[in-house]
Amino acid sequence: MKQLRIRTLAGLFLVAGVLSWAGARLWNSVGTLPSVPLAAPIVLAVIAVVLLATALSLRARLRAQRERRPGAKGVDPMMAARALVFGQASALVAALVAGMYGGTGAFLLEQLDIPARRDQAIYAGFSVVAGAAVIAAAIFLERVCKLPEDDDTEGTAPAA
């Protein structure tokens with residue numbers, strides 16, 4: 001499985017942000033603007049907490065297994081793979097969602113004198129921060145699940 005690249009996540013964030021900013025300008029010209037829900041940063045923060053808890057649990061179990069502690073539970077490879085896929089998918093979606101709310105928030109910064117728009121800008125800012133937390137937790141989970149590098153640098157198989 002390929003490793004997440006910060007460059008890819010940043011590109012998704014920027015593209016989503018620019019499209020969202022342009023969409024917000026277009027939508028505002030009609031006279032309305034879709035609201036940023038209060039639940040958006042809360043849901044993203046919950047996902048970040050779940051990813052972080054999964055990473056810490058896996059790290060502790062892998063460390064106990066590596067140190068051969070008595071009674072240490074092993075890590076099922078399929079469970080680790082599922083956690084890794086969940087982390088990577090969460091990071092990609094968080095980059096898109098954070099970019100979307102970032103673009104909307106950037107548009108709303110022009111209209112902070114309206115109390116409702118100010119609240120929406122605050123929710124959008126918290127959503128971007130929570131999206132960054134999801135990405136950080138996903139990258140940490142990916143580092144925890146990373147297999148040790150193979151010592152065979154020449155790429156030859158051992159003799160039978």
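Predicted model: local features only at pLDDT ≥ 70, side-chain atom pairs only at ≥ 80, totals over all residues.
Local features need pLDDT of at least 70, side-chain atom pairs count only at pLDDT 80 or more, and totals for chains, interfaces and linings use all residues. Residues are numbered from 1 along each chain as its sequence is written, and side-chain values use heavy atoms, with hydrogens and water left out.

Helix packing was examined pair by pair. Helices (H or I, at least four residues) and strands (E, at least two) are DSSP runs, numbered from the N terminus. Axes are lines fitted to C-alpha atoms, for helices over the stretch in contact. Angles run from 0 to 180 degrees between N-to-C directions. Angles under 35 degrees count as roughly parallel, over 145 as roughly antiparallel, 65 to 115 as roughly perpendicular and the rest as oblique.

Helix α3 spans residues 77-108, and helix α4 spans residues 115-145. Their axes lie 7 Å apart and form an angle of about 155°. The two helices are therefore roughly antiparallel. The crossing of α3 over α4 is left-handed. A crossing is left-handed if the near helix is turned anticlockwise from the far one by less than a right angle, and right-handed if clockwise. The contact between α3 and α4 contains 18 nonpolar, eight polar and two charged residues. In this classification Ala, Val, Leu, Ile, Met, Phe, Trp, Tyr, Cys and Pro are nonpolar, Asp, Glu, Lys and Arg are charged, and the others, Gly among them, are polar.

Helix α2 covers residues 39-66. The axes of α2 and α4 come within 8 Å and cross at roughly 15°. This pair is therefore roughly parallel. Here too α2 passes α4 in a left-handed crossing. The contact of α2 with α4 comprises 23 nonpolar, three polar and one charged residues.

Helices α2 and α3 pack with axes 11 Å apart, at an angle of about 155°. They are therefore roughly antiparallel. The crossing of α2 and α3 is left-handed. On the α2 side, the contact is made by A40, L44, I47, V50, L51, T54, L58 and R61. On the α3 side, the contributors are M79, A83, F86, G87, S90, V97 and Y101. Contact means heavy atoms within 4.5 Å. By class, this α2 and α3 contact has 11 nonpolar, three polar and one charged residues.

Charge pairing was considered next. Side chains of opposite charge can pair when their charged atoms come close. A salt bridge is a side-chain nitrogen of Lys or Arg within 4 Å of a carboxyl oxygen of Asp or Glu. The count by this rule is one salt bridge. The side chains of E142 and R143 form it, at 3.4 Å from N to O. E142 is buried, at 6% relative accessibility. R143 is partly exposed, at 45%. E142 belongs to helix α4. Apart from neighbours within four places in sequence, E142 contacts K2, Q3, L4, L84 and Q88.

Two further residues were placed by their contacts. L33 sits in the loop between α1 (6-30) and α2. With a relative accessible area of 17%, L33 is buried. Not counting residues up to four places away in sequence, L33 touches A24, W27, F107, L108 and R117. L33 and T104 are 71 residues apart in sequence, and their C-alpha atoms are 9.3 Å apart. N28 lies in helix α1. N28 is partly exposed, at 24% relative accessibility. Leaving aside neighbours within four places in sequence, N28 is in contact with F107, Q111 and R117. N28 and F107 are 79 residues apart along the chain, with a C-alpha separation of 9.6 Å.

Two other helical residues were placed by distance. V85 is found in helix α3. V85 is partly exposed, at 41% relative accessibility. V85 and P34 are 51 residues apart in sequence and 31 Å apart in space, C-alpha to C-alpha. A53 is in helix α2. At 44% relative accessibility, A53 is partly exposed. The C-alpha atoms of A53 and G11, 42 residues apart along the chain, are separated by 27 Å.

Definitions and conventions:
Buried < 20%, exposed > 50% of the residue type's maximum accessible area, 1.4 Å probe, protein only.
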